[in-house]
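Work through the exercises below with the sequence and the model in view. Each task is followed by a solution in steps.

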Amino acid sequence: MQLNIADSWKNILQSEFDKPYFRSLVNFVKDEYNKTACFPVEKDIFAAFSACSFNDLKVVIIGQDPYHGVGQANGLCFSVHDGMNHPPSLRNIFKELESDIQKPVPISGDLSHWATQGVLLLNATLTVRAHEAGSHQKQGWETFTDAVISKISKEKEGVVFLLWGGFAQKMGKKIDAKKHEILTSGHPSPLSANRGYWFGNKHFSKTNVFLESIGKSTIDW
């Protein structure tokens, strides 16, 4: 498993890479990728950490699983490769963006341009077996990503955490609310959004208002 991460993350996360659970996780992932189709492709497993450096980090968005359809997952939560159809949750994210900040729905579903501005697009589980949602859960990824959230909370200040849905909000219990801005809402999936728990949260404009208030550059969503 290739640890393609920005240098600024290496010092922060090296202690996790050295732990027995992570070595077991690496062996599990290697075995899975050798014997069956898994996503994202191996070089993109840690794309969230290569696209967004720790030093530049301003916003964290937490997802759950990578997309498990062929060609979708690119290692960034909610994001898909350029040219892929927008999955339902991503469509609702773009609808809220359009409503909140009048940004036209983009043609591409690739959110890399968010990541390069300091948005960590972190799935709780970084790999998945093709067409089997949740197939790589409870193998160690959650321990790792919980540690990532804890380290961000401890080492940084003034980070905006966007916690969409119950799963992300449970992970958010590790965040120091006195040091950081936490925005919560329902998940952008159709099940949640169509019940009124997503649309109108205005998280994109609220994020920029907060960043501006503490003297940080805003995100060009």
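A residue counts as buried when its relative accessible area is under 20%, and as exposed when that area is over 50%. The model is predicted.

**Exercise 1. Find which residues of helix 1 are buried, and state how they are placed around the helix axis.**

Step 1. Helix 1 covers residues 7-17, and its buried residues are Ser 8, Trp 9, Ile 12, Leu 13, Glu 16 and Phe 17.

Step 2. Viewed down the axis of helix 1, these buried residues fall within an arc of 145 degrees, so they line one face of the helix.

Step 3. An α-helix has 3.6 residues a turn, so residues three or four places apart point the same way.

Step 4. Turn to the other side of helix 1, where Asp 7 and Asn 11 are exposed.

Step 5. The buried residues of helix 1 pack against helix 2 (20-35), helix 3 (47-51), strand 3 and helix 6 (141-155).

**Exercise 2. Give the order of the strands in the open sheet, and say which strands stand at the edges.**

Step 1. The sheet has four strands in the order 3-2-5-6, with parallel pairing.

Step 2. Strand 3 and strand 6 are at the edges; each has a single partner strand, so one side of each lacks a neighbour in the sheet.

Step 3. From one strand to the next, the twist averages 20 degrees.

Step 4. Helix 9 (residues 203-213) packs on this sheet and touches strand 2, strand 5 and strand 6. The direction of helix 9 makes about 165 degrees with that of strand 5.

**Exercise 3. Describe the surroundings of strand 2: how many of its residues are buried, and which strands does it pair with?**

Step 1. Strand 2 spans residues 59-63, and five of the five are buried, so the strand is largely enclosed by the rest of the structure.

Step 2. Sort the side chains by direction. In a regular strand they alternate between the two faces of the sheet. Val 59, Ile 61 and Gly 63 point one way from strand 2, while Val 60 and Ile 62 point the other way.

Step 3. Strand 2 is joined to strand 3 (residues 119-123) by five bridges, and the two run parallel. Here Ile 62 stands opposite Leu 122.

Step 4. Three bridges join strand 2 to strand 5 (residues 160-164), again in parallel. Val 60 stands opposite Phe 161 in this pairing.

**Exercise 4. Trace strand 5 and its link to strand 6.**

Step 1. Five of the five residues of strand 5 are buried, so this strand is largely enclosed by the rest of the structure. Val 160, Leu 162 and Trp 164 lie on one side, and Phe 161 and Leu 163 on the other.

Step 2. Trp 164 stands opposite Ser 185.

Step 3. Between strand 5 and strand 6 the chain passes through helix 7 (residues 166-171), in a right-handed β-α-β crossover.

**Exercise 5. Is Ser 89 buried or exposed?**

Step 1. Locate Ser 89 in helix 4 (residues 88-101).

Step 2. The relative accessible area of Ser 89 is 13%, so this residue is buried.

Step 3. Leaving out residues up to four places away in sequence, Ser 89 touches Phe 78, His 187, Pro 188, Ser 189 and Pro 190.

Key: Residues numbered from 1 in each chain as written. Predicted model: local features only at pLDDT ≥ 70, side-chain atom pairs only at ≥ 80, totals over all residues. Heavy atoms only, no water. Buried < 20%, exposed > 50% of the residue type's maximum accessible area, 1.4 Å probe, protein only. Pairing = 2+ DSSP bridges. Arc of directions from axis to C-beta. Contact = heavy atoms within 4.5 Å. Right-handed = clockwise from strand over helix to strand, strands pointing away. Axes fitted to C-alpha atoms, helices over the stretch in contact; angles between N-to-C directions.
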